[in-house]
Amino acid sequence: MTQLPTTKLPNALHGQKAIIYCRVSSLRQTIDGSGLDSQEHRCRRYAEQHGYVVEKVFTDDVSGGGDFLKRKGMVALLDYLRRRKTHYVVIFDDLKRFARDTLFHLQLRAQMDRYNARIECLNFRFEDTPEGKFVEIIHAAQGQLEREQNGRQTIQKMCARLEQGYFVFQAPIGYCYEKIGAHGKLLVQNEPYASVIKESLEGFASGRFQTQAEMRRYLESCECIPKNAKGQIAKKRTMDLLKHPVYAGYVEHERWGISFRKGQHEPLISLETYRKNQERLNGKPLVPNRKDLNKEFPLRGFVVCGDCGHPYTACFSKGKTKYHPYYICQKRGCASYGKSVRRADLEGAFERVLRHMTPSKDVLNLALAMLKDQWHNRENLQGSDQKEQKKALAETEHKIEKVIDMMIDANSEMVKQNLTKRLAQLEKDKLILEEKLATVTKPRRPLESIARTSLDFLESPHKIWASERLEDKRAVLKLAFTKPWAYHRIEGARTPDFSLPFKALEEISGANNQMVPKERLELSRA
């Protein structure tokens with residue numbers, strides 16, 4: 001057993017310099033309670049009764065378990081003793097404030113002795129005798145036992161809550177805790193954070209955000225989302241948002257043996273959206289968009305040189321009195337290498353393309369009528385969809401029963417582990433199918449209320465492009481075109497490749513098409 005150090009006692013006690021150390025288990029106790037103040041008050045009274053002069057007070061608001069060097073207040077206290085090289089009395093309110101771990105208790109005692117500090121405790125008397133050291137170790141071990149028992153009880157209570165579908169950890173962004181009737185503390189949606197997180201998660205699932213980098217830039221553009229000192233969001237944070245099942249209304253904790261299950265809180269996204277995000281995360285990663293996209297050059301990375309097909313870069317060129325914006329080709333060997341195009345010319349040509357993409361009202365009405373026909377046909381097929389979902393659900397339940405039977409008969413531990421993983425996946429599949437079935441049986445909303453945003457975009461993509469938000473401009477480029485747009489520095493704009501919806505509207509409009517100008521987009525060569 002590690003030997004306790006023998007503390008050296010100074011000759012004079014009256015007027016002895018003293019240091020007070022106070023600790024509570026959490027920051028919440030510091031804010032909501034008065035634990036530190038009451039400890040300091042008691043320690044000061046003790047010092048006064050013994051004629052000590054209190055020179056400094058150190059505090060901590062962290063748990064007593066673990067390494068004492070992780071406590072900022074204790075580290076500062078030890079450093080203070082090291083630099084002063086003076087005999088001090090260090091006063092504690094209770095032995096549990098010292099260290100609730102036997103090993104760290106002994107190590108901390110050795111550190112105090114190294115700096116010629118004597119420890120005094122209001123509720124415990126330190127004695128430099130074999131019996132006193134033995135009692136001290138027993139008290140330290142008792143503190144460790146209580147700490148570990150409290151930790152075990154806390155985990156057991158948290159597990160019980162998780163098993164009932166209650167999230168028990170720190171509320172993720174987009175949620176906060178509220179006390180609600182018989183539920184007790186329950187996660188509830190916290191606006192405006194919830195709407196932003198919902199849009200980002202659904203945007204990643206739908207492909208609006210092709211990469212995590214795009215999703216992260218969207219979150220950084222939202223003022224309400226907390227960021228670091230540089231105004232950025234860590235890469236890991238977007239990954240955590242995408243992987244967290246709590247946003248789909250589910251809870252799990254594999255380390256504690258809590259399987260994926262329905263939560264008691266309201267979800268931000270559907271389980272199907274969550275599943276799509278997991279598939280995208282586990283799939284082949286896409287090349288992220290350039291980090292230098294900004295509001296000054298929204299077409300950078302989309303518009304390409306008409307000679308070589310290489311994407312234009314962009315920059316500001318210094319004039320006599322101000323800087324001028326240009327797009328420029330940097331492809332070596334290209335006839336236009338190093339030649340610049342005025343931003344106003346290039347982006348002006350692009351805006352003319354967008355204006356010509358606006359179909360007539362008659363064409364839009366016809367398209368909406370055709371869409372309604374398809375919508376009604378889909379409603380008629382709703383019954384067959386319901387049957388298919390029920391059939392798939394029954395098959396999944398049958399697979400679950402078979403896996404359970406195999407687990408009962410399995411003798412190999414490795415086989416049991418694989419079957420357990422298989423069972424967990426089937427349970428998730430079952431939950432997804434149940435959610436799909438519930439969605440199929442719900443009455444459908446009117447088409448106009450669902451497709452209003454899409455129709456607004458088809459009616460005038462130029463209005464969306466005129467938005468101040470870079471995300472809106474990037475959405476136009478993704479949704480309206482299938483390929484990058486070519487622009488020649490002399491000939492001008494080349495005819496773009498429109499996406500399927502605009503091609504369909506072009507075919508509907510026929511000879512009276514208003515989406516493409518009667519004249520060619522290319523200008524005659526000068």
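I took helices (H or I, at least four residues) and strands (E, at least two) as DSSP runs, numbered from the N terminus.

**Ground rules.** I am working with a predicted model, where local features need pLDDT of at least 70, side-chain atom pairs count only at pLDDT 80 or more, and totals for chains, interfaces and linings use all residues. Residues are numbered from 1 along each chain as its sequence is written, and side-chain values use heavy atoms, leaving out hydrogens and water.

**Entry 1: salt bridges.** I searched the whole structure and got 15 salt bridges, each being a side-chain nitrogen of Lys or Arg within 4 Å of a carboxyl oxygen of Asp or Glu. The background is simple: side chains of opposite charge can pair when their charged atoms come close.

I looked at helix 3 (residues 72-84) to begin with, where R82 and D79 sit three residues apart, about one helical turn. Their side chains meet in a salt bridge at 2.4 Å, N to O. D79, R82 and R83 are linked in a network of salt bridges. For accessibility I used a 1.4 Å probe and protein chains only: buried is under 20% relative accessible area, exposed is over 50%, and partly exposed lies in between. R82 comes out partly exposed at 41%, and D79 is also partly exposed, at 28%.

Next I checked helix 8 (residues 235-243). There D240 and K236 are four residues apart, so about one helical turn separates them. They form a salt bridge with the closest N and O atoms 2.9 Å apart. K236 is exposed at 59%, while D240 is partly exposed at 36%.

My last pair was R494 and E491, whose side chains meet at 2.5 Å, N to O. Is E491 buried or exposed? I found E491 buried, with 15% relative accessibility, whereas R494 is partly exposed at 22%.

Entry 2: I then turned to an open sheet of three strands, in the order 10-11-12 with antiparallel pairing; two strands pair if DSSP finds at least two bridges between them. Strand 10 (313-318) and strand 12 (340-342) are at the edges with a single partner strand each, so one side of each has no neighbour in the sheet. From one strand to the next, the twist averages 45°. My axes are lines fitted to C-alpha atoms, for helices over the stretch in contact, with angles from 0 to 180 degrees between N-to-C directions.

Strand 10 pairs with strand 11 (residues 323-328) over six antiparallel bridges. I also noted that S317 has H324 in strand 11 as its bridge partner. Helix 10 (residues 343-356) packs on this sheet and touches strand 10, strand 11 and strand 12, where contact means heavy atoms within 4.5 Å. The direction of helix 10 makes about 65° with that of strand 12.
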